[in-house]
Amino acid sequence: MPQRSSAVLLLGLSRDAWGAVPLPLALDFVGAPGCSLLCSLDTALAMQGGGGDATWEIAICDCANGIGRHFYVQAAVIDPGWNALGVVFSNGLDGVLGRL
């Protein structure tokens with residue numbers, strides 16, 4: 001049976017600041033040296049996965065005023081043995097809303 005892991009998809013509308021906190025934010029101070037928060041935390045979506053793969057499906061309205069808007073995502077994976085925080089953070093992704 002493949003190993004299961006827990007992860008959270010962090011989804012934000014900014015890669016420059018989370019409120020008054022400038023981004024990227026080095027996470028050494030919370031026990032995750034070498035990791036950084038790369039997007040604002042506007043939404044977090046939990047998931048279960050395994051084998052190094054994760055899939056999230058997010059419904060987005062078909063609103064013309066959202067076309068061309070950027071969004072930013074990053075995954076936080078629970079990994080108790082990796083660092084003192086027990087969480088590892090992925091690289092970030094810059095996405096743009098559009099129509100097919």
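Start with N83, which is buried at a relative accessible area of 14%; buried here means under 20%, exposed means over 50%, and partly exposed is what falls in between (1.4 Å probe, protein chains only). You'll find N83 in the loop between strand 7 and strand 8. Strands are DSSP runs of E with at least two residues, helices are runs of H or I with at least four residues, and both are numbered from the N terminus.

Before going on, a word on what you're looking at: this is a predicted model, in which local features need pLDDT of at least 70 and side-chain atom pairs count only at pLDDT 80 or more, while totals for chains, interfaces and linings use all residues. Residues are numbered from 1 along each chain as its sequence is written, and side-chain values use heavy atoms, with hydrogens and water left out.

Back to N83 and its side chain. One of its polar atoms lies 2.6 Å from the backbone nitrogen of G86, and a polar atom of the N83 side chain is also 2.9 Å from the backbone oxygen of V87. Setting aside residues up to four places away in sequence, N83 touches G31, A32, P33 and C35, where contact means heavy atoms within 4.5 Å.

Some of those names come up again in the core. The largest nonpolar core has 11 residues in all: L10, L23, L27, A32, C35, L37, C39, Y72, A76, V87 and F89. Such a core is a set of buried Ala, Val, Leu, Ile, Met, Phe, Trp, Tyr and Cys residues joined through side-chain atoms within 4.5 Å. Strand 7 (70-78) and strand 8 (87-96) are the elements that give two or more residues to this core. In soluble globular proteins, nonpolar side chains tend to be buried together.

Beyond its neighbours within four places in sequence, L37 is in contact with L10, W18, L23, P24, L25, L27 and Q74. What about the cysteines? C35 counts as buried because its relative accessibility is 8%, and C39 is buried too, with a relative accessible area of 1%. The structure holds 0 disulfides, a disulfide being a pair of cysteine sulfur atoms within 2.5 Å.

Now for two loops. S14 sits in the loop between strand 1 (4-12) and strand 2 (17-18), and a polar atom of the S14 side chain lies 3.1 Å from the backbone nitrogen of A17. Not counting residues up to four places away in sequence, S14 touches L23, L38, C39, S40, D42 and Y72.

That brings us to D42, in the loop between strand 5 (36-37) and strand 6 (43-50). D42 counts as partly exposed, at 44% relative accessibility. Its side chain has a polar atom 2.6 Å from the backbone nitrogen of L13. Leaving aside neighbours within four places in sequence, D42 is in contact with L11, G12, L13 and S14. D42 and W18 are 24 residues apart in sequence, with their C-alpha atoms 8.5 Å apart in space.

Finally, zoom out to the protein chain. Its secondary structure comes to 0 helices and 8 strands. Of its 100 residues, 27% count as buried. Among contacts between residues at least 6 apart in sequence, 64% join residues at least 24 apart. The chain exposes about 6800 Å², with carbon and sulfur atoms supplying 59% of it; accessible areas come from the Shrake-Rupley method with a 1.4 Å probe, and for residues only the protein chains shown count as cover.

Definitions and conventions. Polar contact = N/O pair within 3.5 Å; in protein donor to acceptor, adjacent residues only side chain to side chain.
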